[in-house]
Amino acid sequence: MIMFESFLISLIANFVTIGGQIAIKNMIQNKSLETEIRKAFNNALKKWTINNNILGKEEIYINQKLKLLIDCVKEPTKITNLDKNTSQLINYFKLELQKNQITWNFIMDTHFQNEINKLNSIEDAILDIQELLNQTELSKRELKKVRVEKKYDANLVNQLVKESTQLYSEGNILKSFEKISIAYNLAPYNSKVVERYATVLFRNAEFEEIAKIIGEYEETGKEEDVCITRVKGEYYRRIKEYEKSNEVLRKSNFETEYNIAYLIGINYLFLYGQNHDNINLFKAKQFFEKANNLFQDLWHIKLNLAIVHRLIDKTNPNLTLEKETISLLNAKINLHPQKVSAKLYRLLYYVLVDNFEKFEKYINNDKKRLSKNYLLTIDFIDSAKERINLIHKDEYTRNKYILGFVRWSNYFSLNY
């Protein structure tokens with residue numbers, strides 16, 4: 001029984017951290033099951049907070065209960081020492097899970113239990129932060145100040161950022177998130193860590209969490225640098241506030257930062273899609289060219305610049321630029337065969353040059369060779385559709401490619 005209770009504690013410990021929530025979502029790969037497990041946890045938590053005179057879920061983070069539960073994950077023998085009301089939460093969770101037979105059968109599966117137990121390596125780093133949260137006498141602003149001033153191992157944090165970046169470039173999003181989650185909990189106001197953490201959150205469509213991170217950073221009073229500017233600009237772009245995004249990004253030095261220039265170009269391209277004002281199209285070209293001049297070997301910059309060239313004059317495309325684009329894409333895919341974003345851009349390339357035969361070929365190839373467990377965000381697909389709508393005015397051609405993208409994306413796990 002102790003072993004199963006330890007597993008339930010592991011599940012709870014992951015549900016109350018953002019990293020654990022995303023990891024569980026990726027692991028279960030079944031939206032209805034994930035919803036049922038989450039509902040069971042929320043119902044148990046609601047009942048537990050009422051019975052223990054706790055006014056809101058957030059109180060879990062400002063008492064010793066979470067730390068105690070995580071301690072039990074590391075040392076199952078401590079379960080026998082749990083106080084009555086903490087044991088009560090575990091029992092409530094178990095009872096709620098048993099209300100749905102399909103969910104309970106899934107929970108009882110030993111493979112799922114083993115996978116959950118693997119997630120708990122990230123909890124060691126989280127403990128350090130939880131100890132600060134246990135100081136209930138601190139106000140929120142005082143707590144933020146403590147976290148800002150808290151010393152951390154810079155070498156460890158830098159190594160975690162480096163590993164996360166490498167894993168992300170290879171297409172291993174979940175492992176990348178595990179690494180950067182540890183770094184973020186150790187150094188939550190290091191702007192480079194914040195940017196890398198936000199990059200992975202964007203892939204998981206965690207826009208509310210990103211808005212929260214931005215707000216917390218601003219409350220510290222620290223001066224905003226280019227890393228935070230990029231996060232804010234990307235956030236407004238993802239929620240389709242393109243003009244607001246450009247307003248933020250233009251405060252930074254886009255003359256020397258290729259990714260700032262690129263983001264401004266994307267905003268102008270999508271603004272053109274909204275109002276078909278050629279001024280926005282030529283501004284998009286201006287900023288994509290600036291980004292391309294600053295960094296010559298990035299396929300996503302070159303493809304969007306090639307799209308703009310065709311939109312300006314379909315009869316006179318920049319064939320040299322298009323050849324460079326597909327060459328870079330193929331090189332990236334050969335180096336990292338599981339890099340789904342590069343494969344998505346390869347499909348877009350064949351949309352641009354209107355080669356449906358190769359478009360279909362790579363849809364079928366990707367389904368054979370890519371991991372089905374890869375997580376795609378729905379806005380990732382939406383941005384591809386926006387480009388298709390820009391490239392092809394003919395409804396039949398446009399729908400043919402969009403339906404192809406839908407078939408391709410349905411193979412993967414979509415995160416809404």
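Contact here means heavy atoms within 4.5 Å, and I keep that cut-off in mind for the entries below, all of which concern a predicted model.

**Entry 1: one residue.** I began with F359 and asked which residues it touches once its neighbours within four places in sequence are left aside. I found that F359 is in contact with L347, Y350, V351, Y401, G404 and F405.

**Entry 2: the cores.** I then looked up the largest nonpolar core, which has 54 residues, and noted that F359 and F405 are among those with the most contacts inside it, together with L269, F288, L344 and W408. Helix α16, residues 258–275, gives the most to this core, with 11 residues. Apart from this core lies another, of 29 residues, and I wrote down L160, V161, A198 and Y236 as being among them. As background, I recalled that nonpolar side chains tend to be buried together in soluble globular proteins.

**Entry 3: the whole chain.** I stepped back to the protein chain, whose secondary structure comes to 23 helices and two strands. Of its 416 residues, 53% are buried. Taking the contacts between residues at least 6 apart in sequence, I noted that 67% join residues at least 24 apart.

Entry 4: How many of the residues of α18 are buried? I found 13 of its 14 residues buried, so I have put this helix down as mostly covered. Helix α18, residues 299–312, reaches 20 Å from its first C-alpha to its last, which is close to the 20 Å expected at 1.5 Å a residue. Helix α17, residues 278–294, packs with α18 at an angle of about 150°, and their axes are 9 Å apart. The crossing of these two helices, α17 and α18, is left-handed. By class, the contact of α17 with α18 has 10 nonpolar, three polar and three charged residues.

**Entry 5: α11 and α12.** I looked up a further helix pair, α11 (residues 173–186) and α12 (residues 191–203), which pack at an angle of about 145° with their axes 9 Å apart. Here α11 passes α12 in a left-handed crossing. Among the residues making the contact I listed I173, F177, I180 and Y184 of α11, and V193, Y197, V200 and L201 of α12. The residues of this contact of α11 with α12 divide into 10 nonpolar, two polar and two charged.

Note on methods:
Residues are numbered from 1 along each chain as its sequence is written. This is a predicted model: local features need pLDDT of at least 70, side-chain atom pairs count only at pLDDT 80 or more; totals for chains, interfaces and linings use all residues. Side-chain values use heavy atoms; hydrogens and water are left out. A nonpolar core is a set of buried Ala, Val, Leu, Ile, Met, Phe, Trp, Tyr and Cys residues joined through side-chain atoms within 4.5 Å. Buried means under 20% relative accessible area, exposed over 50%, partly exposed in between (1.4 Å probe, protein chains only). Helices (H or I, at least four residues) and strands (E, at least two) are DSSP runs, numbered from the N terminus. Axes are lines fitted to C-alpha atoms, for helices over the stretch in contact, and angles run from 0 to 180 degrees between N-to-C directions. A crossing is left-handed if the near helix is turned anticlockwise from the far one by less than a right angle, and right-handed if clockwise. Ala, Val, Leu, Ile, Met, Phe, Trp, Tyr, Cys and Pro count as nonpolar, Asp, Glu, Lys and Arg as charged, and the others, Gly among them, as polar. The expected span of a helix is 1.5 Å times one less than its number of residues.
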